Amino acid sequence: MNIVLVSSALIPRSTGGVEVLTILLAEGFARLGHSVCIITGGGGPPRIQNGVRIIEIPELDLPTHLKGFLMPVYAWRIQRKFRSLDEIQSADIVNAVDLDSIISLAGWKEIQDKYIATIQDYGLVCANGLLLDGNSVCPNHCHTKGSFGCLRKRKISLFHKAYLEIAYRIRKSYRDRKLSHIQRAICVSKFVENQIKKIHPMIKTHIIGNCLPREWWYLKDQKIERDIDILYAGRLESFKGAEVFCDT
C-alpha cells in the first residue's frame, strides 16, 4: 500500500511523543514492504531516511502560538498544498498523527475515504493538552466546561492569559466541528478513546498503544547491576504527569 503520514513537526527539529511515534510507524510500515511517505513542516529538500520518503512543506510550519487564531486559514493552506502533491493523490491511506494535522485534514471530502487520525495525546480534548490541574488530574474537561481552570493557575501575564483564553475558544469551536467529520481513529489508550467519544460518539475507533523501538525489545537480555522497579523515559516537566504518578 501507499501510506502517507502527516505530522507538523519531525525529529530532529522537534523531539516529542508525536514525532517519535511518526518515525517508528513509518519505518515499521516500510519494513513490511509498504511505500511510506511522511509529510511534515519545513523547507528542506525531499529525502529518503531508512526506507521512508520525507517531504517538508512550509504550509505545515506555522508557529504554534498563531495556530489557535488562524486554524481555519492554516487548514485551508494545507489542503490547497496537498491537492498538488502526487503522494496524496496516489495514497491508499492518509494518516494524520498530530493535533493540528488531524484537525486540518478532517472533513476534507477528497481524502475522506482514506483518512485515519491517530490520537495519541490530549490536545483534542484538553485546551492545554495536559488534562492536569495543578498537581492532580483535572476533574473537569474543557469540552464540558467551555473554559479551563488550569489556565487561571498559571504564572503568566494577564495579557498572555487573555490571548490563550480567546485562542482556545476559537480553536475549540473549530476543533469540535471538525471532529464530527472523522470517521476512523486510532487511539493509544482506552482513556483517550472515551474522551473522544464524548465529543463524537459515532466515531469508529481502535486502540493501539504507542509503539516502541525494536532495540527496546532486547533490554531484558542485558545485564543490569541492580533491579529497576520503575523506568520513566521523558522530560521532567509537570505536564508529563510523573509527579501525579508518584503521588498515587
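Trainee: Which side chain does Glu-110 meet in a salt bridge?

Mentor: The model is predicted, so local features need pLDDT of at least 70 and side-chain atom pairs count only at pLDDT 80 or more, whereas totals for chains, interfaces and linings use all residues. Residues are numbered from 1 along each chain as its sequence is written, and side-chain values use heavy atoms, without hydrogens and water. A salt bridge requires a side-chain nitrogen of Lys or Arg within 4 Å of a carboxyl oxygen of Asp or Glu. At 2.7 Å, N to O, the partner of Glu-110 is Arg-83.

Trainee: How many residues apart in sequence are the parts that Glu-110 and Arg-83 tie together?

Mentor: Helices (H or I, at least four residues) and strands (E, at least two) are DSSP runs, numbered from the N terminus. Glu-110 lies in the loop between α4 and β6, and Arg-83 in the loop between α2 and α3. The separation is therefore 27 residues.

Trainee: Which strands stand at the edges of the open sheet of eight strands?

Mentor: Two strands pair if DSSP finds at least two bridges between them. The order is β3-β4-β2-β1-β5-β6-β9-β10, with mixed pairing. Each edge strand has a single partner, so one side is left without a neighbour in the sheet; these strands are β3 and β10.
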